[in-house]
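User: I'd like to learn how to read a model like this one, feature by feature. Could you walk me through it?

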Amino acid sequence: MYMAINKIVHCSDAEWSRCGALSPPISLMLLTILLFISLLFGLFTGIMFGTQLYAIMDDQTGIEKLKNEAATWERLTWKQNLQEVFGRRSGCYWLLPVMPAHLQPSKIHSAKFQV
């Protein structure tokens, strides 16, 4: 979104003379479509993030809620549920999709694959 808005501002300042081979109305229409699609993607991603986080904190999936199933396991607090999913060490490492090098187990105990 930032890049599309920056392009619109940059091209309108230059009176669309240095903004590619397309005419100004077509460029503006394509940039508007790009902004709309990026807003939809951001909205979808935010909603999915919120529902997943809520399901983790509540310790119950959406399907279990729809079926009105009672929990057959010990219910934990929301913080314990987050630690169960993301790991014991809290912080910004929860948002990383990989384990940082200083937190990885030693190379001696790493898995070895044979074909």
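Analyst: Let's begin with a loop residue: Asp59 sits in the loop between α2 and α3 (62-66). Helices here are DSSP runs of H or I with at least four residues, strands are runs of E with at least two, and both are numbered from the N terminus. This is a predicted model, in which local features need pLDDT of at least 70 and side-chain atom pairs count only at pLDDT 80 or more, while totals for chains, interfaces and linings use all residues. Residues are numbered from 1 along each chain as its sequence is written, and side-chain values use heavy atoms, with hydrogens and water left out.

User: What phi does Asp59 take?

Analyst: Start with the general idea: most residues other than glycine have a negative phi. Asp59 is not a glycine, yet has a positive phi of about 60 degrees. Its place is just after α2.

User: Which residue just after α1 takes a positive phi?

Analyst: That is Glu15, with a value of about 55 degrees. Asn68, in the loop between α3 and α4, also has a positive phi, near 55 degrees, and is a residue other than glycine.

User: Which residues of α2 are buried?

Analyst: They are Ser27, Leu31, Leu35 and Ile56. The buried residues of α2 pack against α1 (2-13) and α4. Take Ser27: its relative accessibility is 9%, so Ser27 counts as buried. Contact means heavy atoms within 4.5 Å. With neighbours within four places in sequence left aside, Ser27 touches Trp16, Cys19 and Leu22.

User: Where is Met1 found, and what is it in contact with?

Analyst: Met1 belongs to the segment before α1. Again leaving aside neighbours within four places in sequence, Met1 is in contact with Leu35, Ser38 and Leu39. Met1 and Leu35 are 34 residues apart along the chain, but their C-alpha atoms are separated by 5.8 Å. Met1 is partly exposed, at 48%.

User: How do I check the span of α2?

Analyst: The expected span of a helix is 1.5 Å times one less than its number of residues. α2 has 35 residues and reaches 50 Å from first C-alpha to last, close to the expected 51 Å.

User: At what angle do the axes of α2 and α4 cross?

Analyst: Axes are lines fitted to C-alpha atoms, for helices over the stretch in contact, and angles run from 0 to 180 degrees between N-to-C directions. The axes of α2 (residues 24-58) and α4 (residues 78-86) cross at roughly 115 degrees and come within 7 Å. That makes α2 roughly perpendicular to α4, on a scale where under 35 degrees is roughly parallel, over 145 roughly antiparallel, 65 to 115 roughly perpendicular and the rest oblique.

User: Which residues meet there?

Analyst: Leu53, Ile56, Met57 and Asp58 in α2 meet Trp78, Asn81, Leu82, Val85 and Phe86 in α4.

Definitions and conventions:
Buried < 20%, exposed > 50% of the residue type's maximum accessible area, 1.4 Å probe, protein only.
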